Protein chains: 2
Amino acid sequence: MTDQLSRVFSALADPTRRDLVARLAVGDATVGELAAPYDVSVQAVSKHLRVLEDAGLVTKGRVAQTRPVHLEAEVLDLMTAWIERYRRQAEERYARLDAVLEEMKENES
Amino acid sequence: MTDQLSRVFSALADPTRRDLVARLAVGDATVGELAAPYDVSVQAVSKHLRVLEDAGLVTKGRVAQTRPVHLEAEVLDLMTAWIERYRRQAEERYARLDAVLEEMKENES
DNA sequence: TCTTTATTCAACCAATGGGTTGACAACGAT
DNA sequence: ATCGTTGTCAACCCATTGGTTGAATAAAGA
């Protein structure tokens, strides 16, 4: 799982991490603020954030003792691009198939 | 990881499975055909296909002994919807921030 | 300087994931 | 009726993951 796309997909496979992304879309937040809503330890959330960071989905700043976390939304485009490529490809194939079936129906009648 | 979105993300976190999806976007194929290009066992590919199936990304038919695998591309919309939601949200927030900064610069001069 | 606050590091544990091999089931062909 | 093909099931192995607790670091405040 060395490539970025894999890391991004796998980062977002976890509901807690998707939740963190959702929260960060609203605005930057410190690790403590992000951890507060969950009943897991702060360390666990810190680990989740590290996974998101390794995927390039977030970056961390440094203000006093706190590390404000920032969402890097452009990375999501990477996934969208991958998904859209194959979704569209499959869609077009179905469209062609429909056209062929339509044509067959016409010739038959 | 009980919800579908998690299953879909995690299914696509594996390069081999993304590869299978790419292949299936071209057209349906049997398990054997799909396994041929890889140097892992057929069983391993069968497992991968099961993961994709559980995520709702593919379905399997039955023609004689073969099980033609079919890509269900609509499920990808689920991911796209999730991604786009937060990407756009973050984008709008940055746009607002830029506007504020712009305004501050004007007032300052 | 000493203490408190915010975060990470380290070691550990149970569960999951991707791979293997070997046996089995279903079906077509001979 | 038997054989070969296609695919899955089962048991196993090792690496990774998400969680824990406890100690370490870094900076602010007293």
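1. A residue is near a molecule or strand if its C-beta atom, placed from the backbone, lies within 6 Å of it. By that rule 22 residues lie around DNA strand D, and A:S41, A:A44, B:T30, B:G32 and B:S46 come nearest. The model is predicted: local features need pLDDT of at least 70, side-chain atom pairs count only at pLDDT 80 or more, and totals for chains, interfaces and linings use all residues. Residues are numbered from 1 along each chain as its sequence is written, while chains are lettered from A and ligands numbered from 1 in the order in which they are written.

2. Which elements give two or more residues to the surface near DNA strand D? They are α4 of chain A, together with α3 and α4 of chain B. Here helices (H or I, at least four residues) and strands (E, at least two) are DSSP runs, numbered from the N terminus. α4(A) gives the largest share, 5 residues. By class, this surface has 7 nonpolar, 11 polar and 4 charged residues. Ala, Val, Leu, Ile, Met, Phe, Trp, Tyr, Cys and Pro count as nonpolar; Asp, Glu, Lys and Arg count as charged; the others, Gly among them, count as polar.

3. Now the other strand. DNA strand C is surrounded by 22 residues, with A:T30, A:G32, A:S46, B:S41 and B:A44 the closest. α3 (31-35) and α4 (42-54) of chain A, and α4 (42-54) of chain B, each give two or more residues to this surface. The classes here are 8 nonpolar, 11 polar and 3 charged.

4. How are the two chains related? Chain A superposes on chain B by a rotation of 180° with 0.1 Å of shift along its axis, at an RMSD of 0.1 Å. That is the relation of a two-fold axis.

5. The interface pairs 25 residues of chain A with 25 residues of chain B. Contact means that C-beta atoms, placed from the backbone, lie within 7 Å. On the chain A side, α1 (4-11), α2 (15-26) and α5 (74-108) each supply at least two residues. α5(A) supplies the largest share, 11 residues. That side of chain A holds 15 nonpolar, 5 polar and 5 charged residues.

6. Take α4(B). Its 13 residues should span 18 Å at 1.5 Å a residue, and its end C-alpha atoms are 18 Å apart, which agrees. The expected span is 1.5 Å times one less than the number of residues. B:V45, B:H48, B:L49 and B:L52 are buried in α4(B). They cover an arc of only 100° around the axis, so they sit on the same side of α4(B). Buried means 20 or more other C-beta atoms within 10 Å of a residue's own, exposed 12 or fewer, and partly exposed in between, with C-beta atoms placed from the backbone. The arc is that of the directions from the helix axis to the C-beta atoms. Among the elements covering these buried residues are α1 (4-11), α2 (15-26) and α3 (31-35) of chain B. Just after α4(B), B:G56 has a positive phi of about 85°.

7. α2(B) is also one-sided. Its buried residues are B:R17, B:R18, B:L20, B:V21 and B:L24.

Notes: Least-squares fit on C-alpha atoms with pLDDT ≥ 70 in both. Contact = placed C-beta atoms within 7 Å.
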